[in-house]
Amino acid sequence: MLSSLLVLGACTSDEPGPRSVRAADAYVAAIRWYVAQSPIATVSTNNSDGADADPFVLFIAPADGNPIDAESQVDVIAELADISDLVMVVFTDVRDDAIDIGIEGQPVKGKGALLLVGKVREGVPPVDVSIEVYHSVDDDTSYAMRIVGGGSDSDDFGVTAVTELEQN
């Protein structure tokens with residue numbers, strides 16, 4: 001029996017493989033994608049009077065209504081510290097908490113945006129995720145995106161193969 005254990009031990013590899021995509025990694029990649037492709041990425045961080053502008057409010061909610069766990073929320077905020085002067089991420093469990101229901105067109109509160117993130121299948125990349133970008137009733141677009149990266153020499157994940165889905 002001892003020889004079997006030694007053989008098994010010798011067959012295991014110390015080579016690090018790609019790091020699995022966690023839900024927080026997918027949220028961070030989707031948020032960075034949104035910021036990079038939206039007008040907020042080019043807006044000055046100063047008001048006309050030279051004072052710091054308020055960051056853009058970006059609400060994040062689960063598309064399926066299941067709450068995003070607190071650990072993922074903390075990890076997302078930590079990973080996005082480098083853009084916290086540009087974007088303020090606010091997690092909500094309920095889509096309607098981010099929307100001004102009483103205003104015509106039902107815009108997102110604070111002139112922000114809402115990302116409704118689909119279920120994240122955690123695992124080795126690539127991982128496919130769906131998101132809905134909501135600004136108002138008339139400005140609502142769904143996307144399918146692929147999360148890639150996170151190789152053995154990098155902890156960063158990114159978005160590729162973004163596809164706008166047909167609207168009903």
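**Figure 1. Aromatic pairs in the predicted model.** Searching the whole of this predicted structure turns up two aromatic pairs. One of them joins Trp-33 and Tyr-143 in an edge-to-face arrangement, with 5.0 Å from centre to centre and 70° between the planes.

**Figure 2. A charge over a ring.** Here the view moves to Arg-95 and Tyr-134. The charged end of Arg-95 sits over the ring of Tyr-134, and the distance to the ring centre is 4.8 Å.

**Figure 3. Ser-136 and its surroundings.** Look for Ser-136 in strand β4, which covers residues 127-136. Ser-136 has a relative accessible area of 16%, so this residue counts as buried. Which residues does Ser-136 touch, once those up to four places away in sequence are set aside? They are Gly-105, Gln-106 and Pro-107. Lys-111 makes a handy landmark for this view: Lys-111 and Ser-136 are 25 residues apart along the chain, and their C-alpha atoms are separated by 9.6 Å.

**Figure 4. The largest pocket.** The largest pocket holds about 200 Å³ of space. How many residues line the largest pocket? There are 14, and Ala-23, Tyr-27, Pro-67, Lys-119 and Val-120 are the ones nearest its centre. By residue class, the lining of the largest pocket comprises seven nonpolar, three polar and four charged residues.

**Figure 5. The chain behind the close-ups.** The protein chain has 168 residues, and 35% of them count as buried. Among contacts in the protein chain with a separation of 6 or more, 56% are between residues 24 or more positions apart.

Conventions: Residues are numbered from 1 along each chain as its sequence is written. This is a predicted model: local features need pLDDT of at least 70, side-chain atom pairs count only at pLDDT 80 or more; totals for chains, interfaces and linings use all residues. Side-chain values use heavy atoms; hydrogens and water are left out. On a 1 Å grid over the protein atoms alone, a cavity is a set of points where a 1.4 Å probe fits but cannot get out, and a pocket is an open set with protein on both sides within 12 Å along at least five of seven lines; lining residues have an atom within 4 Å of a point. Grid points are joined across faces, edges and corners, and a volume is the space filled by probe spheres set on the points. Ala, Val, Leu, Ile, Met, Phe, Trp, Tyr, Cys and Pro count as nonpolar, Asp, Glu, Lys and Arg as charged, and the others, Gly among them, as polar. Rings of Phe, Tyr and Trp (its six-membered ring) pair if their centres lie within 6.5 Å; planes under 30 degrees apart count as stacked, over 60 as edge-to-face and the rest as tilted. A charge sits over a ring if NZ of Lys or CZ of Arg is within 6 Å of the ring centre and within 35 degrees of the ring normal. Buried means under 20% relative accessible area, exposed over 50%, partly exposed in between (1.4 Å probe, protein chains only). Contact means heavy atoms within 4.5 Å. Helices (H or I, at least four residues) and strands (E, at least two) are DSSP runs, numbered from the N terminus.
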